[in-house]
Every structure is written in structure tokens, then in C-alpha cells.
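Please work through the exercises below with the sequence and the model side by side, trying each task before reading its solution.

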Amino acid sequence: MSERPLGDLPRFPAATRPSLRRSVALTLLLVIPPAALIVLMAVWPPGAASTAEGVVRDGVREITIRAYTWGFSPRVVSVDPQETVRFLIQSEDIHHGFAINELGVNVQLQPERQTRTPAVRADLPEGVYTIHCSIFCGLGHVSMKGHLVVGQPARSLAGLLPWAASLAGLMMVAGFAALVRREGG
Ligand SMILES: [Cu+2]
């Protein structure tokens with residue numbers, strides 16, 4: 001083996017195969033944990049465990065929510081169809097917004113203060129609606145979201161779409177990274 005002339009050394013395949021195997025392993029290592037996390041979050045939203053109950057006062061259910069950089073707690077709020085609700089939102093830090101387009105709710109939250117929305121009736125078809133921050137509050141602003149669940153909607157495939165898209169995006173980035181590594185060495 002050590003007697004083999006230099007000219008016989010397999011150059012290209014020997015040089016690329018181990019590095020390809022390494023980059024595939026690295027890619028899997030980088031992709032699997034976040035992908036598992038995305039799938040987990042899609043099928044089992046952690047916020048669902050802490051759905052807000054609220055207190056009924058004069059026929060209006062008052063639901064208390066904390067807003068912070070960058071999220072809402074609880075992340076999921078469930079109401080009954082046609083129920084009248086009011087949100088009491090406490091900003092834990094800076095200016096945020098609290099908006100549910102379908103209910104016509106959009107309030108500004110003052111830093112470290114509680115803001116009450118008007119009482120609104122959940123006159124909506126059963127389903128999942130987005131709660132979002134409506135005031136730009138930095139890097140994570142676009143991800144500052146929650147869900148309003150009206151009634152008991154069946155879990156729809158459409159709800160999984162954003163997660164599937166995230167997963168696809170992650171795979172593309174990983175694939176590209178593997179390709180670059182392969183090209184590079
Ligand atoms: Cu924001």
C-alpha cells in the first residue's frame with residue numbers, strides 16, 4: 001500500500017467522499033433538531049396548555065393577557081361563538097400593539113401598563129384567528145403573534161401550512177449549506 005506510486009492515488013473521489021459524508025452528517029445534525037421543534041410546535045402548540053379562561057363580569061368575559069418582547073402569554077385564547085369578550089392586556093416592557101383584525105380590535109399598549117379593549121362579540125365562524133402586535137417593536141415583531149380560537153374548530157391542514165413552509169425553508173437552507181461545503185472542499 002505504501003509502495004503505490006503517486007500517480008495512482010485516486011484523487012477526486014477520495015478527496016470528496018469523506019467530506020461529503022461529513023457535510024451530510026453535519027447537515028442532518030443542524031436540520032433535525034430545529035425541524036423536530038417546528039413539527040412539535042405545529043402539532044402541539046405549547047401555548048394551548050395555558051389557554052386563558054378569563055372572568056365573566058356583567059355578561060362580558062374579561063381575559064387577561066401579558067404582552068412582552070416578543071410574544072403574548074397565554075399564546076392561545078379560546079372563546080365561545082357569539083360570546084362577548086374584553087381583553088385586558090398588560091405590557092411587561094415596551095410599546096406594543098394588540099390586534100385581532102376579524103374582531104376589529106386594535107389597541108396600543110403603553111409600557112408597563114394595562115390596556116382594556118372595548119367589549120366585542122365573537123361574531124365569527126368557528127375557527128382560529130391571529131392575534132398580532134400592531135406596533136413595530138423590534139426584530140421579533142413579526143413573530144409576535146397569538147391565536148384566538150372561536151368555538152372548537154377541527155384542526156385544519158391550512159393551519160399547518162406556515163409550519164410546513166418553515167420546514168421547507170429550513171431544508172432549503174441546509175441543502176444550500178451542504179452544497180456550498182461540498183463545492184468548497
Ligand atoms: Cu410589535
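The model is predicted, so local features need pLDDT of at least 70 and side-chain atom pairs count only at pLDDT 80 or more, while totals for chains, interfaces and linings use all residues. Residues are numbered from 1 along each chain as its sequence is written.

**Exercise 1.** Determine whether Thr130 is buried or exposed, and which residues Thr130 touches.

Solution. Begin with the location: Thr130 is found in strand β10, residues 127-132, where strands (E, at least two residues) are DSSP runs numbered from the N terminus. Next apply the burial cut-offs, by which a residue is buried if 20 or more other C-beta atoms lie within 10 Å of its own, exposed if 12 or fewer, and partly exposed in between, with C-beta atoms placed from the backbone. Thr130 is exposed because 12 other C-beta atoms lie within 10 Å. Finally, leaving aside residues up to four places away in sequence, Thr130 touches Lys145 and His147, a contact meaning that the C-beta atoms, placed from the backbone, lie within 7 Å.

**Exercise 2.** Find the sense in which β10 and β11 pair, and the sense in which β4 and β11 run.

Solution. Two strands pair if DSSP finds at least two bridges between them. Between β10 and β11 there are six bridges, in the antiparallel sense, and Gly127 has Val150 in β11 as its bridge partner. Turning to β4 (residues 76-79), four bridges join this strand to β11 (residues 145-150), and the two run parallel, with Val77 standing opposite Leu148 in β11.

How values were computed: Contact = placed C-beta atoms within 7 Å.
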